[in-house]
Amino acid sequence: MDIVLVTTVIASLFLVIGAAEPLAARLKLPYSVILAVLGVLIGAGAIFFLRTELTDALNPVAEAILGLPIRSNVFLYVFLPTLLFQATLGMNLRRMLDDWVPILVLAVVAVVVATLSVGYALSWASALPLAACLLIGAIVSTTDPSAVVTIFRSISAPRRLARIIEGESLLNDAAAIALFGLFMGFVMLGLPDPDLGEALARFPVLIGGGALMGWLAARVAVWIMALFSRHELAQISISVALPYLAYIGAEQSIGASGVIAVVAAGLTLNLTGPGRLPPQAWANLREIWDVLAHWAGALIFVLAALLIPRLLEEVRVEDFVLVGVVILAAIAARAVILFGLLPLLTLLKLSPAVERPYRVAILWGGLRGAVTLALALAVTESFRVPDDIQRVVGILATGFTLFTLIVQGTTLRLVIAWLGLDRLSPIDEALSRQVVAVALQTVREDVARTTENYELSHDTVRSEAKRFGERLDAAVKSAEASADILDRDRVTLGLIALAGHERDTILARVRERTISSRMAEQVLSDADRLIEGARSQGRSGYNRAARRSVAYGRAFRVGAVLNGRLGLSGPLARMTADRFELLLSQRLILRDLGAFIDGRIRRIHGRRVAELLHELLARRIEMVETALEGLRLQYPGYAEELERRFIRRTALRLEEREYTAMREDGLIGAEVYTALMQDLDARRAAAEERPHLDIALQRAELVRQFPLFAELDDVRLKRLGRALETRYVNAGDVIIRKDSVARSVFFIASGAVELESAGQTWRLGRGEMFGQVAILMKKARRAEVRAIAPSTMLVLDEARFRRLLDRSQALQDAVRASAEKRGIEPDHLFEESRAPRPAQDRATA
């Protein structure tokens, strides 16, 4: 085939791709539907011109189109890894991990249910073997959520809902292709009734092997990319190679799922890349992948659609009945998941509540696309699959795909409108009127200043001012008519706006490099939780998300256990340094939000709402300061090192801005500018490195700060530091329960606790201890102790505490003072401590 002609055809396909997007926007149809329709028209036109006797002039073009090397391997090995890899790079993984249960359950269970539903329905309605029917079920079980996600974003649907749909679709493809491989093997071996138990037993092996291969490949790639930190194009090139090598390695080397390998590689790079690559290099890498995925997604749709006329050439009347069976079975399976399993997950508090209209939209928006056609093409190409099965698979998969694209795709927006999802809620409608009124008042003031500066004609200004005034008066009247928004709703709307501005501020700080890319995703995730919490539960949801942002996570506690029990300090040191940087970043952002409340929210929602938001913001700042002060006390000097690093990075940013301004003003030439920027990049690379945190050295310093241990010498301090166990607790956690056995004494290194006993309440803070009374009195604990802030405790067992008490006068004085505060005679306490324990008390202990 003439290379010039083939190149011309491929270039023309890119013209089609370029025209499809504005055409889809004009017709208000999903982009994938337009691509599929154009592909079908091109394929049908090529067949028509090749067979017609009207003219032979277009035969070379038609032959070039139909002769394109479109094989299933092209889709599976070239296009699919690109799409999957880019999808994982574009995900907010920290937010995805919050919803991993519904994503995983919906993805895997939905695929299995759809496969079994379609398979057994076809087996009942046709004479096909069960293996072939299940193969068709696996082919049509994968969904393309792009249309419904795009519409959800345009109508301001909950972000969490769109995120769950995207995550489900990503794993949905992987699970469907893995099942396809299993049933394809049964069909090629000629097994009519496969053992489903055996098939599903191999499923975890495919998933686990692929995940391991993808993780290893990504770790190696990130290590190599970090070595090339000053060569951005080299880093991007390695990232392009990564998904293909992971896919091929999993499929050909260990017989695992290549799709899972690509997903695992992308997730690993997404998690580790921002901390190992320069911020600009990471941003450019993601932009390149966005373009590659756009082209791959468009080409896979167009090229797959070219095949549809050929796949339908041998269609029979009875095939339409089977297509109807597939449609009904697939929709029924999807309905079972959305209206059966999803509400159950909501009841178990594993998934957010999804309103019925959104579930109906998701059901009707479950379009099928290029992946379904590619898998069907793989069946029709296999010489080991019987011809009659090849024909039925191709027709049923193609017919079902056309139904979802042409019928569901073209009516999806109508269904959205029928469900009322494209209309603003009454609160949002009233808010929009007030926003317009406030905005027009600001515009009038700015326009007045502008006309004065430019000395425009008085008559012209007066005429335009009159027209603008009429619009402003109408907006004010409309706003006054809808001024009955409840204060509670105004607070919710104000919190959503405040959290949204916080997110925008974070992005601006990341671009300025005052917040490191390592921390960017985490602080953005915290801002997203604030937005979603305010949307779903108002003030309580916002406060819950705010407390979570400063709380110790499960990973942190696991790191503390590894350090205390196994002596592995690396994970805890890394997470402690991350926590330091996170809290410093939060403090930096929160102090900028007050001006937004006064400048914007006060004008829209009024003084009362603004004052309440200031109060909530002050509480957040206090929480962050308390948590940060606790870390300062534990690790003195480290916060100052991070602050120095922040100052150096800010200075470098300002220096870069000055050089750029001088270059734009022509004060320095290109050669000088390049030399200056190279020197600045070298200093920036050094400034980006975070100071090392040595937990072991800091522990001894922390123990030394306790007044209780001031009289101990260095040897005893080091020995005590090794004996003390660190425990991290969050606000609300119960540290000691009433009537529990006393085995340890707790020293408060940071934070605060509340002790309740006999109806009385005491609050203890840094440097104080609790738990010693029950040990000395040799009785069960009579108090309950609960943390009232994120706190760090140093825990000492009973035997070591008694030995320390005998040697330390300061500790004895502290025990006496604590006993007197609680109304216990100190001498009686020490007498109980020295007396032999009664048999009953020994039994209780």
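**Stop 1: a pocket**

Select α28 to begin: this helix supplies eight residues, the largest share of the lining of the second largest pocket. Before going on, note that this is a predicted model, in which local features need pLDDT of at least 70 and side-chain atom pairs count only at pLDDT 80 or more, while totals for chains, interfaces and linings use all residues. Residues are numbered from 1 along each chain as its sequence is written, and side-chain values use heavy atoms, with hydrogens and water left out.

The pocket has a volume of about 1,000 Å³. Of its 29 lining residues, Ser-229, Leu-277, Pro-278, Ala-685 and Glu-688 are the closest to its centre. Now colour α12 (258-276), α13 (279-306), α22 (517-550), α27 (638-664) and α28 (670-688), the elements that each give two or more residues to the lining. (A pocket here is an open set of points on a 1 Å grid over the protein atoms alone, where a 1.4 Å probe fits, with protein on both sides within 12 Å along at least five of seven lines; lining residues have an atom within 4 Å of a point. The volume is the space filled by probe spheres set on the points, which are joined across faces, edges and corners. Helices, H or I of at least four residues, and strands, E of at least two, are DSSP runs numbered from the N terminus.)

**Stop 2: Asp-526**

Stay with helix α22 and pick Asp-526. Is Asp-526 buried or exposed? At 10% relative accessibility, Asp-526 counts as buried (under 20% relative accessible area with a 1.4 Å probe, protein chains only; exposed is over 50%, partly exposed in between). Beyond neighbours within four places in sequence, Asp-526 is in contact (heavy atoms within 4.5 Å) with Ser-549, Leu-582 and Gln-586.

**Stop 3: the cores**

Next, select helix α7 (residues 130-140): eleven of its eleven residues are buried, so the helix is largely enclosed by the rest of the structure. Pick Ile-139 there, one of the buried residues of α7. Setting aside neighbours within four places in sequence, Ile-139 is in contact with Phe-180, Thr-372, Leu-375, Ala-376, Val-379, Val-393 and Ala-397.

Ile-139 also joins Leu-122 and Phe-180 as the residues with the most contacts inside the largest nonpolar core, which has 75 residues. Helix α9 (residues 159-189) gives the most to this core, with 13 residues. Apart from it lies another core of 42 residues, including Ala-499, Leu-593, Val-609 and Val-624. (A nonpolar core is a set of buried Ala, Val, Leu, Ile, Met, Phe, Trp, Tyr and Cys residues joined through side-chain atoms within 4.5 Å.)

**Stop 4**

Switch to cartoon view. Zoom in on β7 (residues 784-787): Val-785 and Ala-787 make up its covered face, Glu-784 and Arg-786 its uncovered one. Across from Val-785 stands Ile-736, and across from Glu-784 stands Glu-756.

The other stop is an open four-strand sheet in the order β1-β8-β3-β6, again antiparallel. Six bridges join β3 (residues 744-750) to β8 (residues 791-797), where Phe-747 has Leu-794 as its bridge partner. Finish on helix α32 (residues 798-807), which packs on this sheet, touching β3 and β8, with its direction at about 85 degrees to that of β8 (axes are lines fitted to C-alpha atoms, for helices over the stretch in contact, and angles run from 0 to 180 degrees between N-to-C directions).

Note on methods
Pairing = 2+ DSSP bridges.
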